[in-house]
Each structure stands twice: as structure tokens, then as C-alpha cells.
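Biologist: I have not looked at this one before. Can you walk me through it?

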Amino acid sequence: ATLAARRVVREYYDGWLRADDDEARYRTRNVCCRAESGALPGTLPSVTGAAATVAAGADAPRVGREMTEASVFKQLRAWERALDVERALDALPVEMRAEGATNLAPRKAALQAGSRAVGSMLDRSAFKWVSLSGLFPAVCVQ
């Protein structure tokens with residue numbers, strides 16, 4: 001679990017961008033800061049293939065992150081829930097909990113260690129925190 005969580009975080013920090021058009025098949029780490037036709041800076045590719053697409057009269061494909069903050073957070077939360085032994089036992093019917101606890105006993109320490117590792121990564125993440133002063137600057141007193 002720890003290695004898989006680290007892999008997802010590494011993929012996020014690799015910073016790969018991909019074109020939103022499947023025909024473009026464009027993947028890069030280079031951010032183009034040009035802005036045309038209402039596109040935000042950093043969303044237009046800087047390759048000759050995209051330039052050829054624009055020259056042909058079609059709209060240029062937009063680029064975006066392959067791995068977003070939201071997808072990393074969702075993946076880590078899913079692993080944290082999947083490895084939570086107590087939550088799994090609580091989900092079982094009452095008559096099956098004793099049998100489930102017996103079956104999970106040999107794996108419980110490993111599952112809890114994985115859950116703690118992923119949970120510590122989530123605790124260090126600022127994605128789940130909302131800055132109320134950023135949302136309501138006129139209302140919040142600093």
C-alpha cells in the first residue's frame with residue numbers, strides 16, 4: 001500500500017500534461033505560456049502537430065495534468081478505506097463479525113500498517129482543508 005501510494009504521488013509530481021484530444025496524442029512536461037482565442041496560459045500545447053491542427057482550421061487541443069490533485073486525494077482515500085480493518089468488520093452483519101475477525105487476524109497488523117501509512121500521507125495533504133478567508137475575504141477577520 002505504501003509503495004502504491006508513493007507511486008501515485010510520484011506520478012503527480014512528474015507533472016505530465018496530456019492533450020484533451022485523443023487524435024493529438026500529445027504528452028509533455030513543457031508548459032507553453034502563450035494564450036490565444038480565450039485559452040488560459042498553460043493550456044495550449046507548444047508542438048508543431050498542434051500548430052498544424054490550428055493551421056488546418058480546427059481548434060487547438062488543450063492540455064491538462066494527467067494526474068490532478070483531486071485524483072491523488074481520491075486514490076489515497078480509497079486505499080485508506082480499503083485497508084481499514086475496523087470499518088470492514090463493522091460493515092459485516094453482526095453474526096459474521098466474529099468469523100471475519102478470525103479470518104482477518106493474521107493480516108490485521110499488515111492492513112493496519114498500510115492504512116496508517118496512507119493516512120499519514122493524507123494528513124500531510126492540504127487538499128482536504130478549505131481556507132475560509134480565501135472563500136469569504138470580506139467576512140473573515142485576519
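**Charges, strands and surface**

Modeller: E11 counts as partly exposed because its relative accessibility is 29%. Keep in mind that this is a predicted model.

Biologist: Which residue forms a salt bridge with E11?

Modeller: R7 does, with the closest N and O atoms 2.9 Å apart. Both residues lie in helix α1, which covers residues 2–14. R7 and E11 are 4 residues apart, about one turn of the helix.

Biologist: And R7, what does it count as?

Modeller: R7 has 37% relative accessibility, so it counts as partly exposed.

Biologist: How many salt bridges are there by this rule?

Modeller: The count comes to 4 salt bridges. One of them joins R18 and E66, where the closest N and O atoms are 2.8 Å apart. That pair links distant parts of the chain, with R18 in strand β1 and E66 in the loop between β3 (63–65) and α3 (69–82). R18 and E66 are 48 residues apart.

Biologist: Why do R18 and E66 count as partly exposed?

Modeller: R18 counts as partly exposed because its relative accessibility is 41%. For E66 the value is 33%, so E66 also counts as partly exposed. The band runs between the cut-offs of 20% for buried and 50% for exposed.

Biologist: Which residue does K108 meet in a salt bridge?

Modeller: The side chain of K108 meets that of E86, at 3.3 Å from N to O. This pair links distant parts of the chain too: K108 is in helix α6 (residues 108–123) and E86 is in helix α4 (residues 85–91). They are 22 residues apart. K108 has 31% relative accessibility and therefore counts as partly exposed. E86 is partly exposed because its relative accessible area is 39%.

Biologist: Changing topic. How many helices and strands does the chain have?

Modeller: There are 7 helices and 3 strands. Along the sequence the pattern reads α-β-β-α-β-α-α-α-α-α.

Biologist: In what order do the 3 strands of the sheet come?

Modeller: The order is β2-β1-β3, in an open sheet with antiparallel pairing. The edge strands are β2 and β3, each of which pairs on one side only.

Biologist: How many bridges join β1 to β2?

Modeller: 2 bridges join them, and the two strands run antiparallel. L17 has T28 in β2 as its bridge partner.

Biologist: What holds strands together in general?

Modeller: Strands of a sheet pair through backbone hydrogen bonds, either parallel or antiparallel.

Biologist: Now the surface. Which residues form the negative patch?

Modeller: The negative surface patch is formed by D20, D21, D22 and E23.

Biologist: Where do D20 and D22 lie?

Modeller: D22 lies in the loop between β1 (17–19) and β2 (27–28), and D20 is found in the loop between β1 and β2.

Biologist: Are D20 and D22 buried or exposed?

Modeller: D20 counts as exposed because its relative accessibility is 54%. D22 comes out at 63%, so D22 counts as exposed. The cut-off for exposed is over 50%.

Biologist: How far is D20 from R65?

Modeller: Their C-alpha atoms are separated by 9.8 Å, and the two residues are 45 residues apart along the chain.

Biologist: Last one. What share of the chain's residues count as buried?

Modeller: Of the 142 residues, 24% count as buried.

Terms used: Residues numbered from 1 in each chain as written. Predicted model: local features only at pLDDT ≥ 70, side-chain atom pairs only at ≥ 80, totals over all residues. Heavy atoms only, no water. Patch = residues over 30% accessible without salt bridge, like charges linked within 9 Å, V, L, I, M, F, W, Y side chains within 5 Å. Areas by Shrake-Rupley, 256 points an atom, 1.4 Å probe, with all protein chains shown as cover. Lys, Arg positive; Asp, Glu negative; His and termini not counted. Charge placed at Lys NZ, Arg CZ, Asp CG, Glu CD. Buried < 20%, exposed > 50% of the residue type's maximum accessible area, 1.4 Å probe, protein only. Pairing = 2+ DSSP bridges.
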